[in-house]
Amino acid sequence: MGSIPGSAHPAFGFGAVTIIGGLVGYLKKGSKASLGAGVVCGSLLVCSGLMISGESQYGGHSLAAGTSTLMVLGMGQRFMKTGKFMPAGIVATLAAASSAYHVKKALEWKD
């Protein structure tokens, strides 16, 4: 695999933050939904980073863009309902940035 390309770092970083956030939500509030969503979405982002590091840059960026977009929709809806920026607003904002970045990169790698 060699060195990890710079375009994989956002997927690895956001994936790790998402997994940790889900764990914190579970530990602080007992939220199994936070734990499940954090682990699933975070794992998909980490997998996309591995794909980007390997030979599937388009697939990896597409997976990261799709996962991030689902997070925008879910957490954006929650933010609109509660009005609380922590954690829903910040996750929706980070996910929107991640989605935009990975869509741009996927389009660069599209055949």
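Residue K105 is buried, as its relative accessible area is 16%. In this text, buried means under 20% relative accessible area, exposed means over 50%, and partly exposed lies in between, with a 1.4 Å probe and protein chains only. The model is predicted, so local features need pLDDT of at least 70 and side-chain atom pairs count only at pLDDT 80 or more, whereas totals for chains, interfaces and linings use all residues. Residues are numbered from 1 along each chain as its sequence is written, and side-chain values use heavy atoms, with hydrogens and water left out.

K105 takes part in a salt bridge with E108, in which the closest N and O atoms are 3.0 Å apart. A salt bridge is a side-chain nitrogen of Lys or Arg within 4 Å of a carboxyl oxygen of Asp or Glu. Side chains of opposite charge can pair when their charged atoms come close. K105 and E108 are three residues apart in helix α4, so about one helical turn separates them. Helices are DSSP runs of H or I with at least four residues, numbered from the N terminus. E108 also meets K104 in a salt bridge, at 2.5 Å from N to O. These two residues lie four residues apart in α4, again about one turn of the helix. An α-helix has 3.6 residues a turn, so residues three or four places apart point the same way. A search of the whole structure finds two salt bridges, and K104, K105 and E108 are linked in a network. K104 counts as partly exposed at 47% relative accessibility, and E108 is partly exposed at 45%.

Helix α4 also contains P87. The peptide bond that leads from M86 to P87 is cis, with omega near -5 degrees. M86 belongs, with F85, I90 and L94, to a nonpolar surface patch of about 390 Å². Such a patch is made of residues with over 30% relative accessible area and no salt bridge, where nonpolar side chains (Val, Leu, Ile, Met, Phe, Trp, Tyr) are joined within 5 Å and like charges within 9 Å. The accessible areas come from the Shrake-Rupley method with a 1.4 Å probe, and for residues only the protein chains shown count as cover. L94, found in α4, is partly exposed at 42%.

A search of the whole structure finds one aromatic pair. The ring centres of F79 and F85 are 6.2 Å apart and their planes stand at 85 degrees, so the pair is edge-to-face. Rings of Phe, Tyr and Trp (its six-membered ring) pair if their centres lie within 6.5 Å; planes under 30 degrees apart count as stacked, over 60 as edge-to-face and the rest as tilted. F79 is partly exposed at 27%, and F85 is partly exposed at 45%.

The account now turns to helix α1. This helix, residues 9-29, has 21 residues and reaches 30 Å from its first C-alpha to its last, close to the expected 30 Å. The expected span is 1.5 Å times one less than the number of residues. Among the buried residues of α1 are A11, F12 and G15. The cover over its buried residues includes α2 (32-53), α3 (57-82) and α4 (85-109). After α1 comes G30, whose phi is positive, near 70 degrees.

S48 lies in α2 and is buried at 0% relative accessibility. Leaving aside neighbours within four places in sequence, S48 is in contact (heavy atoms within 4.5 Å) with A11, G60, L63 and A64.
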